[in-house]
Amino acid sequence: MPTPDFNLLITLDAVLAEGSVARAAKRLRLSPSAMSRALSRLRETTGDPLLVRAGRGLVPTPRAMELRDRVSQLVRDVQEVLRPAEILDLKQLSRTFTLRTSEGFAECFGPELIARIGEEAPGVRLCFLQKPDKDSKPLRDGVVDLETGVVELSTAPELRGQALFRDNYIGVVRSGHPLSRGKITPAKYAAGKHIFVSREGGDKGPIDDALLPLGFERKIVTIVGGFSTALGLARGSDLIASVPERHTANLRQGMYSFPLPVRTPEFTVSLLWHPRFSADPAHRWLRKLVLEICARSH
């Protein structure tokens, strides 16, 4: 198989981005005839017309629409590889990074992260955004620099990710709650009144799946959108909150925490970012910092 002409990727990116042979030629500083020849080679190589006449203009084919984002990313990756490495001066760095994460993660890891940033890069500011859903659009659009969450990267292949830590669910009640005395059995746990955490409003999860074979079912009396809200309710009532152990440590202070009386699968909390930032020195530094802090708190 002959070696492909990778210069065609740059031409294809320009054609798909501009949607016009003339504008693509201008962008690449090529003559119209040279651009037409390049387009002919692209059509031959891809086996698709890419742009077809519609009235006075051209419209992309389905194959062109499919290729547009992939080709654009490939060209950006090549540009990043060929760009001279920058020497990062953290003391002179002035930048705001936006992290989209849960309140629990911010409260648990935020203080040390902010302190380390203050020591190493005093001109850097963090903006923590709440995470109302799992939509990765803010990452793709560049509105968010980093995001934490439980996500299968296979469902978002355009994103980059790295595991931060493993976590599991535990039960939490107010100090002095009846469950804080004696052994907690599945029956005793299920008999209580429970808070369910769901951004989508559901009322079943892995804990319920684990209780079902034992013949027990939790009584869900309220549904909330976040673990901090669940803990706040449990702190002031006899309700039971079941929350991730690792990044709710600060939120659970002064409360009684206990291992669940049923086995539930562990899950991985990951750090996510868009590949446009992969080679950015400042972004790499911040990712490394978050990884270090999460690893040390294990």
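Helix α1 is followed by G19, whose phi is positive, near 65°. This is a predicted model, in which local features need pLDDT of at least 70, side-chain atom pairs count only at pLDDT 80 or more, and totals for chains, interfaces and linings use all residues. Residues are numbered from 1 along each chain as its sequence is written, and side-chain values use heavy atoms, without hydrogens and water.

Student: What span does helix α1 reach from its first C-alpha to its last?
Tutor: Helices are DSSP runs of H or I with at least four residues, and strands are runs of E with at least two, numbered from the N terminus. Helix α1 covers residues 7–18, twelve residues, for which 16 Å is expected at 1.5 Å a residue; the expected span is 1.5 Å times one less than the number of residues.

Student: Is R100 buried or exposed?
Tutor: Buried means under 20% relative accessible area, exposed over 50%, and partly exposed in between (1.4 Å probe, protein chains only). Because its relative accessibility is 5%, R100 counts as buried.

Student: With which residue does R100 form a salt bridge?
Tutor: A salt bridge is a side-chain nitrogen of Lys or Arg within 4 Å of a carboxyl oxygen of Asp or Glu. For R100, the closest N and O atoms of the pair are 2.9 Å apart, and the partner is E147.

Student: Which helix holds both R116 and E120?
Tutor: The side chains of R116 and E120 meet in a salt bridge at 2.9 Å, N to O. The two residues are four apart, about one turn of the helix, and both lie in α5.
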